[in-house]
Amino acid sequence: MIRSLCNISGGDYIDNFTFYSPTCFVFGKDTESQCGSLIRRFGGSKVLVHYGGGSVVRSGLLDRVKKSLEEEEIPYFLLGGVKPNPRSGLVYEGISLCRKEGIDFILAVGGGSVIDSSKAIAAGTVYDGDFWDFYSGKRIEKALPVGTILTISAAGSEGSPDSVITLEDGMLKRGASGDAIRPKFSILNPALTQTLPPHQTAAGITDIMAHLYERYLTNTKEVEVTDRLIEALLLTMIHEGPRVIANPDNYEARANIMWAGMMAHNNSCGVGRSQDWNSHNIEHELSALYDCAHGAGLAVTMPAVFSYVMEHDVMRFAQAAVRVWGCQMDFAHPEVTAKAGIEALRNFLISIGMPRNFEELGAREEDIPELVHMLCRSGGRDGSISGFVTLDEKDCEKIYRLMV
Ligand code: NZQ
Ligand code: ZN
């Protein structure tokens, strides 16, 4: 068995950390019927029910949510229409509604986009300035409480302190963070994900794997516990992904994916170690410009970024190749093993129906200068992005060209 292939040289060892993850997770069949009582338990008395483009109406979930609120005699307002890659316009609308009606709790019913829009409204409602300040670097310290009913395993927003919104003026896609926006509760019923189209299921699987890889790519040494947790979750996705693509009604596979998706991004496997996030930053410009699914963008982005930065720590990539993808270790040529692991990831993502290049994603080579500009120069960035490796504009351009 290969043990600790990487971490063999000196460097920074495990960082001090505080891990605060107060979300109450309620997992399993029919658990959405508890949303009314959970809102009461967490102090809500007037609720904004926020949802997306209609899947929760068609599935009957929204009616079940209303019933649960009515049983608890909790007044509520509905605000639907959140688009994937959620926009600032609806956030402003939600903030006005919450202030006007004295709403004190936000219930997100949907995927990462609905949850992120809810978090933005929650923070913006109790803030005197423009909510976009939080997406320009200001940390969120205060927010209305948010609860979620998750309908897609993907973004991990149900357990994360993060929110990603696109500013319609310039289509800038940026993130904000703060423990104040971690959900008070998240209802995870795997059966709710059975109505997902295959492309969305696969995009979700890809996003979960990206959250794991972004943490795996670290410059911190001696992080065996979190390495092993990440590897276990990646192995779970490799096992369950094809099962759920073959049989969308497979409740058990959906259940394992749902919990893995939460664990991948509530940072329990990312504590004490530096993390990457360059693939996410590079991808966000793709989903901002082409409105593609975030996970589909990541399927094209990750292999390109990993190939580009592999030499920075070949042994880390080789370790993933051996432990996660079952590749044979070539001690004389570890770069061969490292590359084989990246290829295995690429082939896995293609096998579940994800795009392999710009063309399949719907992106255009001629837009690369604009993508690089948006990534490196707009929205307050100074010309480079940092993570596992610091990448300047030229690096980012080369990475986008690897995706063509
Ligand atoms: O809008 P509806 O009609 O509900 O349809 C949605 C949407 O079209 C559909 N869908 C969701 N659940 C369904 C369903 N269709 C049928 N049955 C169901 N059960 O799926 C589509 C995608 O939904 P979306 O919420 O956009 O997906 P996802 O959860 O992947 O969220 C993506 C957003 O999250 C951000 C991404 O950048 C992107 O904007 N992220 C948020 C993070 C966070 N807050 O921590 C971290 C992530 O890295 C990510 O960046
Ligand atoms: Zn993501």
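Ligand 1 is surrounded by 33 residues, of which the closest are Gly-53, Ser-55, Gly-112, Ser-113 and His-211; a residue is counted here if one of its heavy atoms lies within 4 Å of the molecule. This is a predicted model, in which local features need pLDDT of at least 70 and side-chain atom pairs count only at pLDDT 80 or more, while totals for chains, interfaces and linings use all residues. Residues are numbered from 1 along each chain as its sequence is written, chains are lettered from A and ligands numbered from 1 in the order in which they are written, and side-chain values use heavy atoms, with hydrogens and water left out.

The shell around ligand 1 divides into ten nonpolar, 19 polar and four charged residues. In this division Ala, Val, Leu, Ile, Met, Phe, Trp, Tyr, Cys and Pro are nonpolar, Asp, Glu, Lys and Arg are charged, and the others, Gly among them, are polar.

His-280 contributes a polar side-chain atom at 2.8 Å from an oxygen atom of the ligand. Of the 960 Å² of accessible area that ligand 1 has on its own, the protein covers 89%; the areas come from the Shrake-Rupley method with a 1.4 Å probe. The elements that give two or more residues to the shell are α5 (112–125), β6 (162–167), α6 and α9 (278–290). Helices (H or I, at least four residues) and strands (E, at least two) are DSSP runs, numbered from the N terminus.

Distant parts of the chain are linked by His-211 in helix α6 (residues 198–216) and His-294 in helix α10 (residues 294–309), 83 residues apart. His-211 is buried at 2% relative accessible area, and His-294 is buried at 16%, where buried means under 20%, exposed over 50% and partly exposed in between (1.4 Å probe, protein chains only).

Definitions and conventions
Polar contact = N/O pair within 3.5 Å; in protein donor to acceptor, adjacent residues only side chain to side chain.
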